[in-house]
Amino acid sequence: MALISIILSVFNAEKTLNDAFDSILNQDFGFENLEVIFVDDKSTDNSVEIIKNFSESYENVKLFCLEENSGFAGKPRNVGMENATADYLMFLDPDDVFLENACSVLYENITKNDLDMVSGNYVKVLGDKEYPNVWSNINLTEGQLDIASFEEEEKILYLNASVWTKIFRKDLIIDNDITFPVGVPGQDLVFVNHALLKAKGIRFIDTVLTRYVQRTGEDGSVTLNRTYKLLSGYIKAYTELYSIIKDNNEKYVKYAVIHLNFWSNQFALSTISDEEKIKLLDEAYPLYEEFNNKGFKLQKRFKQFFEKVLSKDYMGAIESAKEVSLTFEENESKVIDMAKNKDILILFFGLDVEIGGLAKAVYNRSNLLADNGYKITLLNIDDLKDFNFISNHHKNIGYLDKNIEIINIYDYFSKKSTLDGDNKKNSLPIEEYGKKIGDYFVVKETNIDQSISIKYYECETLENCFFEMLVKEDLYIDNCLAAEITYLNKKVVNAKYFTPDGFNYLVMDYRNKDFQLNYREEEPIIFKNEPEFVNFFVSEICSNKSSKPFLISDCSSNKPSIKNISSELAYKIGNVHSNPYKVYPYCFGSRRRNISALNECDYLDRVVVLTESAKFDFEYEFDYKKFVVIPNLVLDEDSKFNAKDYTRVNKTISIFSRISPEKNLSDSIYALKLILKKHDDVVLKIFGRALKPNEIKEKEKLEKLADNLEISEAVKFMGHTNEADLEMANSLFTFWVSNIEGLGMSLLESMLNGTPLVSYDVNYGPRDVIVNNVNGIIVNQFDIKSLADAAIFLLENPEKANEMGILAREHILRNFSPEAVLKKWEYLFKDILVEEIIDKNAMDSPTFNAKERKGSKNEKYNLRNANDLVEKKDKKSKIRGKRMSIMNKFLSLSNSFKFYKKNYGILKKKNVKLADENRKLKAKNKRLNDKLEKLGQYYQEKYQKQLADNQLVNKSLENELGKK
């Protein structure tokens with residue numbers, strides 16, 4: 001006689017039957033000890049013929065065929081149980097498979113311990129991926145749970161029913177009349193929970209015994225097709241389960257109605273008609289009402305949906321569900337399409353004809369998003385220049401997509417106030433410059449953007465025309481006066497801006513903090529400061545969009561700020577390009593610079609940072625959980641990797657950096673002095689602009705340093721270059737010696753061009769992309785000798801530099817490609833939209849009132865008659881009279897205490913002041929202790945994380961090198 005009966009409900013399973021049967025046939029328990037019962041639910045394929053072959057080959061295989069299709073597995077399983085002869089029952093779906101020890105493990109546990117039922121675990125198979133099921137809600141001891149009845153661990157009622165991972169004593173099933181509901185889905189949920197309620201002796205073993213295969217498509221599982229029949233069937237199953245649990249113990253009915261969370265998800269994702277949805281909600285209403293009455297926890301996103309169902313506003317509930325459906329992963333592409341229908345506004349500054357790293361990063365991202373269907377507009381807040389010239393120039397040389405518009409704040413308001421027609425005024429005077437005119441020495445300069453500056457200096461000769469002596473500047477764009485700027489002690493104190501036809505549309509009085517925007521036919525608008533003016537500009541652009549845009553603020557300092565832009569106008573994203581810490585070691589715990597996106601993070605939807613290490617530190621510093629890591633992208637089509645000549649002797653070291661004090665370029669010159677002692681033919685080329693006064697001053701200091709070290713011939717200041725990729729490719733390696741950095745574009749571009757870096761260990765950037773001595777070299781910050789030694793090593797081993805360069809390029813292509821970066825930005829946009837939908841649907845419905853729905857209190861109030869109200873009013877009058885009497889007595893007594901009160905007040909103030917000072921000292925002490933504790937925890941976690949990351953990366957690269 002068979003020891004276990006295994007029951008399979010079959011419908012059109014010809015493609016999977018052989019695998020399921022083979023998994024039973026190959027059980028180490030012994031196939032001869034099994035009874036296999038197939039019950040066919042009126043299949044229309046070859047399932048019956050396949051099973052007949054099994055039964056003809058093995059006498060312990062039985063086939064029963066239903067005359068009509070029942071729709072779901074309940075009836076076939078009941079038929080199987082009625083015909084089972086073994087003392088123990090197991091079940092298997094024909095598209096799943098047992099592991100070879102499933103029967104032996106379950107049988108041994110149930111018989112040796114005299115239990116009523118035992119459950120193993122399973123792994124879900126979806127395509128070529130496997131997902132082990134995790135029992136997170138129950139308390140396992142050494143991977144096992146033993147209980148006499150479900151009351152000892154009631155949460156087992158909420159686990160996935162998975163009838164195909166369990167074995168049941170048949171007497172338990174027969175004695176308690178436990179059957180599968182017929183004609184409904186979720187029948188295994190009802191059956192298993194009914195068995196758990198009645199079982200005496202239950203064991204759960206956290207051992208995988210079944211592979212649960214979830215299929216999609218024509219042969220997909222019926223539970224994936226969200227039809228009216230399926231969803232209605234679930235409600236019937238939950239209702240039956242509710243009745244069973246209630247009859248057993250009403251305390252546990254929550255384990256029936258809690259499944260409404262799952263059902264609501266399926267309802268939201270269903271594509272059936274609204275008429276069918278209304279019928280479903282009416283069927284589900286009693287369960288929703290019970291869910292509400294018991295105060296069970298519902299999903300945040302479904303709050304309005306639940307309220308509308310309870311109010312029987314079914315169409316409102318359907319609309320809410322449609323919105324909520326967008327928050328599920330399977331509708332991800334729909335949300336990304338929603339993002340593509342919104343404008344993306346990118347706010348930044350630092351734009352000029354010769355662009356730096358930040359502007360290049362903004363351009364690359366803008367081009368990438370525009371190429372992939374997003375609507376991009378760049379909002380610029382730089383001081384007035386000839387932005388038409390700059391924009392056209394950048395588009396002509398391929399920096400910027402021709403369909404992307406740049407709107408400068410001054411240009412924008414100038415155009416708004418310019419009259420139609422050719423009415424140009426205030427043309428550039430035709431005069432001789434470079435001489436004393438009146439009280440000032442006047443100089444004419446043509447700027448790099450082709451605008452013209454007429455500068456007035458308070459001096460006598462051209463040689464004395466330093467910035468310190470500048471008192472006034474007239475800026476002409478397209479031969480028209482665009483701005484008059486007044487200086488005092490090297491600072492702008494007043495600026496007036498004009499339209500081409502001469503209208504003064506903006507006055508910025510910095511001395512009196514008076515900023516006035518003028519309109520021709522409207523009242524002027526007054527701003528207290530420049531940030532208010534910027535906010536007005538950005539808000540106006542956002543409000544002109546047909547739908548709420550994404551606003552990305554790219555910043556490296558305290559501007560631009562978008563804190564005060566209304567969240568109703570835009571989704572606000574900060575993007576941090578630089579390191580905010582201004583003293584060594586330039587990480588969490590150091591003093592910070594003002595960077596708007598970090599200071600204002602609580603007002604933003606997300607803050608983007610460039611590296612994982614920056615995210616790690618910033619989360620500690622700002623206690624903000626919406627930092628997202630998205631690096632800048634680099635474009636391989638711009639690289640000149642193929643131009644590298646590995647045959648020639650290369651003695652060129654390059655630096656690509658704006659010439660500025662924080663770039664610490666002096667260390668590279670000191671290192672070069674040491675390098676030249678061994679290799680006197682090495683050249684250090686420094687590429688980067690030096691246009692601003694502080695940049696010019698820094699360049700002069702560096703030139704003087706090179707002269708003092710007697711190596712000026714070996715140090716070449718090359719200025720800005722549009723051929724940075726070619727210059728990188730032609731260098732043996734590049735130096736990176738900044739005090740502080742973000743993940744600089746030149747670092748990524750150097751590696752992309754196959755040129756490794758010799759870098760200081762700077763926060764943040766080098767450590768995130770360079771694996772020391774594998775694809776570059778990292779030395780301790782400010783260790784000039786180690787910097788020089790690393791350079792000498794590569795100069796003497798150029799083949800090693802070339803090998804590092806190739807690995808560096810592969811790393812960049814893998815992690816910083818347009819495809820990788822685009823995916824991160826699209827996920828960011830999607831997450832923000834999903835969060836908004838969830839928050840919107842988590843709010844109380846404006847039409848929902850729980851008290852009104854229950855009715856009792858409000859109805860009683862509404863039924864009060866006029867006599868009741870008059871009586872209440874009389875009572876209030878009597879109470880008011882008594883209060884006045886008491887108050888008069890109090891006032892007479894109070895006069896006697898005025899003297900004592902006065903003196904008591906003086907003493908109290910002193911006491912309060914001392915207490916306040918004491919409180920402040922305690923608070924300060926607590927903050928310091930908290931910060932010390934946080935610092936200790938931070939460095940401990942950072943050390944552990946870096947150790948783990950290094951081990952992982954080193955192992956990966958060792959494998960990569962091994963392959964090569």
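Leaving aside residues up to four places away in sequence, A671 touches I784, L787 and A788, where contact means heavy atoms within 4.5 Å. The C-alpha atoms of A671 and I784 are separated by 5.6 Å, although the two residues lie 113 residues apart along the chain. A671 belongs to helix α20, which covers residues 666-676; helices (H or I, at least four residues) and strands (E, at least two) are DSSP runs, numbered from the N terminus. The relative accessible area of A671 is 0%, so the residue counts as buried (under 20% relative accessible area, with exposed over 50% and partly exposed in between, for a 1.4 Å probe and protein chains only).

The model is predicted, with local features needing pLDDT of at least 70 and side-chain atom pairs counting only at pLDDT 80 or more, while totals for chains, interfaces and linings use all residues. Residues are numbered from 1 along each chain as its sequence is written, and side-chain values use heavy atoms, with hydrogens and water left out.

Turning to the strands, β18 (residues 480-488) and β19 (residues 491-498) pair in the antiparallel sense over 6 bridges; two strands pair if DSSP finds at least two bridges between them. Here L488 has K491 in β19 as its bridge partner. The two strands form a hairpin with 2 residues between them, and N489 in the turn has a positive phi of about 55 degrees.

On to the next pairing: β19 also joins strand β20 (residues 504-509) in the antiparallel sense, over 5 bridges, with Y497 opposite L506 in β20. This hairpin of β19 and β20 has 5 residues between its strands, and G502 in the turn shows a positive phi of about 95 degrees.
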